[in-house]
Amino acid sequence: MNILRTIRVALRALFRNKMRSLLTALGIIIGVGAVIATVSIGQGAKREVEKRFDAMGTNLLFVRPGSRSFRGRHGGGGTYVNLMPGDAKAILEKCDAVQYISPSVSTRAQVVYGNKNWNTSIYGVSDKYPDIRKWAVEDGIFFDENQVRAGQKVAVLGSEVNENLFEGADSIGQIIRIKKIPFSVIGVLEEKGESGGWFNRDDQIVIPYTTAQRRLLGIIHIQSIDISAVSMERTTEAVEQIEEVLRIQHKIAPGAEDDFNVSNMAEIAEGAAESRDVLIFLLGGIACVSLLVGGIGIMNIMLVSVTERIREIGIRMSVGAREKDILFQFLLEAIVLSVLGGVLGILLGVGASRLISIIAGWQTLVSNFSVVVAFFFSGIVGIVFGFFPAFKASKLDPIDALRYE
Amino acid sequence: MESNNNLIRLEDLKKIYKVGETQVNALSGVSYNIKEGDLVAIMGPSGSGKSTLMNIIGCLDRPTEGKYFLEGEEVSTLDKNKLARIRNKKIGFVFQTFNLLARTTALENTELPLLYSSTSKKEMMEMAYESLAIVGLKGRELHKTNQLSGGEQQRVAIARSLVNNPSLLLADEPTGNLDSKTGKEIMEIFKKLNSEKKITIILVTHDSEVAQITHRRIYLKDGQIIKEEQN
C-alpha cells in the first residue's frame, strides 16, 4: 500500500470522527499556538529595545561620578561632586577615540510662560548634545559653543513642553521663566515619543550646562558626561582612554578603585538583548512543555481510539491488511493529526500575536524560524507519540479483534 | 496423488490452546477434502470446534499440528504476512454480525480488500460497483452503513468478500442476525454464487435451514468430524 493511499485512508478515518480528531489535536493546536504567540511577543519586545538602542547610537558612553559599586540610581549621582568640566575638557583633548563630549547637569523646575505653568526636567548640556544623542532641532536652532561659554540664558524646548506652554503658537524668540529667571526660546526639539513607557523624553528643556550650573543650581561640578566615540568599533578603546585620563585627572593611585564609572551603551544594549533572548527561550521552553503535553494527549487518545477500533482492525486484517499496513495507517493518522494541529496552531498563534499587538499595544514579531520549528516539532510529536498506539494496533490478533465487543 | 480439483486438503489438523494451566483441544485431528465448486456446511454444537476450523481454513489462524493445503500449496506453516496475502487474494469472509466499517459507504466497504492489493483507484471503483450489482445492490452504492437494513448490510459484506475474485468464500452464521425472510434471500445469493460463478462456499452454522442449500454437511463434535451427510 503506497504512501499516498495510506494518507488518504488516514484522512478518511480521521474525518469519520471529526469531534474526536479535533479534541485530540487540541493539545497540539494550543501548544503550537502558545509557542508561536509567546516567541513572537518576546521577539517583538526585543526588536523594540534594539530599535531604541539603535536610535540612541551604540557609540554612546556615559561617565558618572562614583565607582561602580557605589553607583547611585539613574540620574541621581547627585551626592558626588568629583566630576568637573575640566575632566570633560581633558577627555576631549587627550582621547583620540572620542568624538564629542557634553558635560551634563540636571534638575527639575517650574517653567512659566504668560499664564501657563509647567513643571519639567531641565537638562544643562553642551552644544554637541544633538550630535551625541542623535536628536535634531525641528524648529529654530540649537545653542552653539560661544553661547555655552558665555553661559547665555537660551533654551531649547522638548516638543511636549512646547505644546503645553505655547499650544501651537510659535515659541521661537519668546521669553519663558525657569525658576523665575528669563530664558529666550531659540529652538524646539523633534518629537521622539515615549521611551520604554516610563518617561517621556519630549517633556524636557535643554539649556547650556554653564547656565544651569551658575543660574539654576549654583554648583561648579557636573553630574555626568555624555560622550560619543568616533565609531562603534572604537568604543571599547574610547572607554579605556577615558578611564586612563580620568584616573590621572582625579589623581587616583595605581591599584585604587575608580571614583567614577564609564558605561558603554553597546554593552548595555547587548546585555539587554541577551536577557531578552533568555526570556524568549524561557517562554518558548514553557510553551514547548505544553506541546509535549499535547503529544501525550495525542498518544492517550490514539490508544483509546485503537481500543475503540479493535473490531475495525480485525476486519481490515481479515481482508488482508498486514501488520505493517495497520501500523502505517495508525501512525500516519497520528502524524496527519499532529501536523494539521500544528498548522492550525500556527494560524492561531499568528492570529493571537496580531490580536495582542492591537489590543495591548505590544509589538510582536512572528519569526519564520519559529513557524518552521513549530511545524516540524508537531510532525515529530505525531511520530513519537503515535508510534506506540500504532504498534499495539498492528500486533492485535485478528481472531480476537473480530470477536471484540 | 494430488487430485487437481481439490481446493482444500486438511490432514489431521490439531489446535491446542493453553488457558492458564489447562490445555484445551479445540481440534483433535480433522482430515477432510473440499473440491472446487463445493457448497459445504460445517455444523455442530458450540464448543465443537467449528469456529476454530473455519479460522484455520480462512488462514486467520495456524494449526498446532497437521497440514492444510490450499490450492495445492501448504499454508499451515506460513508467517502472518503471507497468510494476510492469501486472505486478501483467495479468501472472502462473511460474518454473522456483518462487520462493516461504520460511517462508510457501501462502495468504500466493498473496496476495502482492494486497498491492500495494488489496484488503481479507477479499477477499485469498477470492481466494487460490479460486486455490488451481483448481490442486487445496484443504486445503493453510496449509502452509508447506518442507512442500510440488516439484509442490505449482509449483501454488502458478501460483495466485499467477492470483490477480489477469491477461490473460497467462508460464511459464519450468515443469517444469524437476520429475520427468516431476509435470511432466505441471503441464502439464495449464496446458492446463485455457487451455481453460476462456481465459487467454493463453506458455511458454518447450526441452523438446518441454512444447511439445506448445501451439497454436503459435516458434523463436528469435540474437535473431530463425527458424521458426513449428503443433501
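This is a predicted model: local features need pLDDT of at least 70, side-chain atom pairs count only at pLDDT 80 or more; totals for chains, interfaces and linings use all residues.

Tutor: In the contact between the chains, 17 residues come from chain B and 17 residues from chain A.

Student: What makes two residues count as being in contact?
Tutor: Their C-beta atoms, placed from the backbone, must lie within 7 Å. The 17 residues from chain B and the 17 residues from chain A are counted by that rule.

Student: Which helices of chain B each supply at least two residues of the side that touches chain A?
Tutor: They are helix H2 (80-90) and helix H3 (106-115). H2(B) gives the most, with 6 residues.

Student: How many nonpolar, polar and charged residues does the side of chain B that touches chain A have?
Tutor: There are 8 nonpolar, 4 polar and 5 charged residues on that side.

Student: Now the sheet. What is the order of its strands in chain B?
Tutor: The order is E2-E1-E4-E5, in an open sheet of 4 strands with antiparallel pairing.

Student: Why are strand E2 (22-35) and strand E5 (73-74) of chain B called edge strands?
Tutor: Each of these two strands pairs on one side only.

Student: How do you know that E4(B) and E5(B) are paired?
Tutor: Pairing needs at least two bridges, and 2 bridges join E4(B) to E5(B), so the two strands count as paired. In this pair, B:Phe69 stands opposite B:Glu74. The strands form a hairpin with 2 residues between them, and B:Glu71 in the turn has a positive phi of about 50 degrees.

Student: What joins strand E1 (residues 6-19) to strand E4 (residues 65-70) in chain B?
Tutor: These strands pair in the antiparallel sense over 5 bridges. In E4(B), B:Glu65 is the bridge partner of B:Lys14, and B:Lys67 is that of B:Glu11.

Student: Which residues touch the most other members of the largest nonpolar core?
Tutor: Of its 117 residues, they are A:Ile298, A:Ala334, B:Ile42, B:Leu170, B:Ile201 and B:Ile202. Leaving out residues up to four places away in sequence, B:Ile201 touches B:Leu39, B:Leu169, B:Ala171, B:Phe190, B:Leu193 and B:Asn194. A second, separate core has 51 residues, including A:Cys95 and A:Leu165.

Note on methods. Residues are numbered from 1 along each chain as its sequence is written. Chains are lettered from A and ligands numbered from 1 in the order in which they are written. Ala, Val, Leu, Ile, Met, Phe, Trp, Tyr, Cys and Pro count as nonpolar, Asp, Glu, Lys and Arg as charged, and the others, Gly among them, as polar. A nonpolar core is a set of buried Ala, Val, Leu, Ile, Met, Phe, Trp, Tyr and Cys residues joined through C-beta atoms within 7 Å. A residue is buried if 20 or more other C-beta atoms lie within 10 Å of its own, exposed if 12 or fewer, and partly exposed in between; C-beta atoms are placed from the backbone.
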